[in-house]
Amino acid sequence: MTANQNPVTTPFSAEASAAEVIEGVDLAGRHAVVTGGASGLGVETVRALATAGADVTIATRRPDAARALIADLSAVEGAGRVRARALDLADLASVDAFARSWRGPLDILVANAGIMALPGLTLTPYGWETQLATNHLGHFALAVGLHGALREAGGARIVVVSSGAHRGAPFDFADPHFARRPYDPWAAYGQSKTADVLFAVGAGRWAADGITANAVNPGYILTGLQRHVDDATMRAFGVLDDEGNLKPLPYYKTPEQGAATSVLLAASPLVEGVTGRYFEDNQQARVADPADESPGGVAAHALDPASADRLWTYATTTLHAR
Ligand SMILES: NC(=O)c1ccc[n+]([C@@H]2O[C@H](COP(=O)([O-])OP(=O)(O)OC[C@H]3O[C@@H](n4cnc5c(N)ncnc54)[C@H](OP(=O)(O)O)[C@@H]3O)[C@@H](O)[C@H]2O)c1
């Protein structure tokens, strides 16, 4: 039976908040890492997990940016300990240092950090397209580096924050870094988000270690993620008015709602043992028909086990070749 023949459903609607989807769940004694936990959806993911009692490490390029959140959560009765540690996903030395210094079991890894639609082709010092480097390769290296700690937890969960943008961009194994094809900001973002889903599928190889991994589309939320998108495009999206004010469309979510599906997958007993699947609006998503242009759903190219294996091999070789 494939993952999509028996889709996972939950009682939670698209409007449920991160706090609501784990109400009553006790995470005391559990350890979590949330990448990009100092802004946007990451903040609400950290808040929900810590409030439920988990000790949370915010992995961020700017540990200082997490100060207010840490102070806020330290005043919450029953909350776990929250700390911030430096991590730059585009710099593998930083990823290696983070993973090497981790001590003890790791119950939850939320691969949440991301960048979107860099206007021009930007390469990291290793020559990798920066969105792919940050959104996928850095997280892949981090998860591999933390594999022992995840195994030690016995029942660890990995949550990979993808995006609906994956639907337009299968992974281009012939030219992942845009060396021979024209660079397109959305193709690069979409490809990196396909890679995120394929990583969750490929992590099925860790099932014998008790590790599950699932991918998430958080929905549409106005956050710092749109920083590289120009005003004309934001206007075309309908979220920037003529006076330059940002205005969410009716179906946009708040950050508290946008973090809900991640938190559900990270900690809810409703998805215990579920792995290799793609969720949105707190439900497992349907497989989208490529001809259907309405948003939502997961593309078959992102769930394909052969592509997941190929990407795992590609990422492993790429990291070793640097
Ligand atoms: N907002 C949406 O509508 C939406 C829709 C679909 C998917 N998503 C996904 O949701 C996730 C969270 O995004 P968000 O909306 O919360 O945006 P955000 O507020 O911009 O947060 C993204 C985080 O990623 C971190 N980050 C970026 N590059 C990094 C690097 N090299 N190393 C470590 N951290 C890095 C940023 O840290 P710094 O503070 O250091 O820059 C920031 O904390 C992303 O994966 C995004 O693709 C969002």
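# Legends to the close-up views

**View A. Strands β4 and β5 run parallel and are joined by four bridges.** The model shown here and in every other view is predicted. Strand β5 comprises residues 157–161. Across the pairing, Ala 111 has Val 160 of β5 opposite to it. Strand β4, residues 108–111, also pairs with strand β1, residues 31–35, in a parallel arrangement held by three bridges. In that pairing, Ala 32 lies opposite Ile 108 of β4. Which residues of β4 point one way and which the other? Ile 108 and Val 110 point to one side of the strand, Leu 109 and Ala 111 point to the other, and all are buried.

**View B. Eight strands make up an open sheet with mixed pairing.** Their order across the sheet is β3-β2-β1-β4-β5-β6-β7-β8. Which strands stand at the edges? These are β3 (82–86) and β8 (283–284); each has a single partner strand, so one side of each lacks a neighbour in the sheet.

**View C. Strands β2 and β3 are parallel partners joined over five bridges.** Strand β2 covers residues 55–60. Within this pairing, Ile 58 faces Ala 84 of β3 as its opposite residue. Helix α3, residues 67–74, belongs with β2 and β3 to a β-α-β unit, and this unit is right-handed.

**View D. Strands β6 and β7 pair in the parallel sense.** Strand β6 is formed by residues 212–217 and strand β7 by residues 278–280, with three bridges between them. Val 216 has Phe 279 of β7 opposite to it. The loop between β7 and β8 holds Asn 282. Although Asn 282 is not a glycine, its phi is positive, at about 70 degrees. Is Asn 282 buried or exposed? Asn 282 is buried, because 26 other C-beta atoms lie within 10 Å of its own, where 20 or more are required.

**View E. Phe 178 lies in the loop between β5 and α7.** Phe 178 is not a glycine, yet its phi is positive, at about 60 degrees. With 17 other C-beta atoms within 10 Å, Phe 178 is partly exposed.

**View F. The largest nonpolar core contains 89 residues.** Leu 49, Leu 109, Val 160 and Val 263 have the most contacts inside this core. Helix α7, residues 185–202, supplies the largest share of the core, with eight residues. In soluble globular proteins, nonpolar side chains tend to be buried together. Which residues does Val 263 contact, leaving aside its neighbours within four places in sequence? They are Ala 18, Val 21, Ile 22, Thr 45, Ala 48 and Leu 49.

**View G. Val 46 is a buried residue of helix α2.** Val 46 counts as buried because it has 32 C-beta neighbours inside 10 Å, and the criterion asks for 20 or more. When residues up to four places away in sequence are left out, Val 46 touches Val 34, Gly 37, Val 56, Ile 58, Leu 69 and Val 82. Between Val 46 and Ser 162 there is a separation of 116 residues in sequence and of 18 Å in space, C-alpha to C-alpha.

**View H. The shell around the ligand is made of 29 residues.** The closest of them are Gly 36, Gly 40, Ala 113, Gly 114 and Leu 225. Which helix gives the most to this shell? Helix α2, residues 40–51, gives the most, with three residues. Sorted by class, the shell has 14 nonpolar, 12 polar and three charged residues.

**View I. Val 8 is found in the segment before α1.** Val 8 counts as partly exposed, with 15 C-beta neighbours inside 10 Å. Val 8 and Gln 283 are 275 residues apart along the chain, while their C-alpha atoms are separated by 6.4 Å. Not counting residues up to four places away in sequence, Val 8 touches Val 271, Val 274, Arg 277 and Gln 284.

**View J. Glu 20 belongs to helix α1, residues 18–21.** Is Glu 20 buried or partly exposed? Glu 20 is partly exposed, with 17 other C-beta atoms within 10 Å. Glu 20 and Glu 256 are 236 residues apart in sequence, and 9.6 Å lie between them in space, C-alpha to C-alpha.

Technical notes
Residues numbered from 1 in each chain as written. Predicted model: local features only at pLDDT ≥ 70, side-chain atom pairs only at ≥ 80, totals over all residues. Near = placed C-beta within 6 Å. Helix = DSSP H or I, 4+ residues; strand = E, 2+ residues; numbered from the N terminus. Nonpolar A, V, L, I, M, F, W, Y, C, P; charged D, E, K, R; others polar. Core = buried A, V, L, I, M, F, W, Y, C linked by C-beta atoms within 7 Å. Buried ≥ 20, exposed ≤ 12 C-beta atoms within 10 Å, placed from the backbone. Contact = placed C-beta atoms within 7 Å. Pairing = 2+ DSSP bridges. Right-handed = clockwise from strand over helix to strand, strands pointing away.
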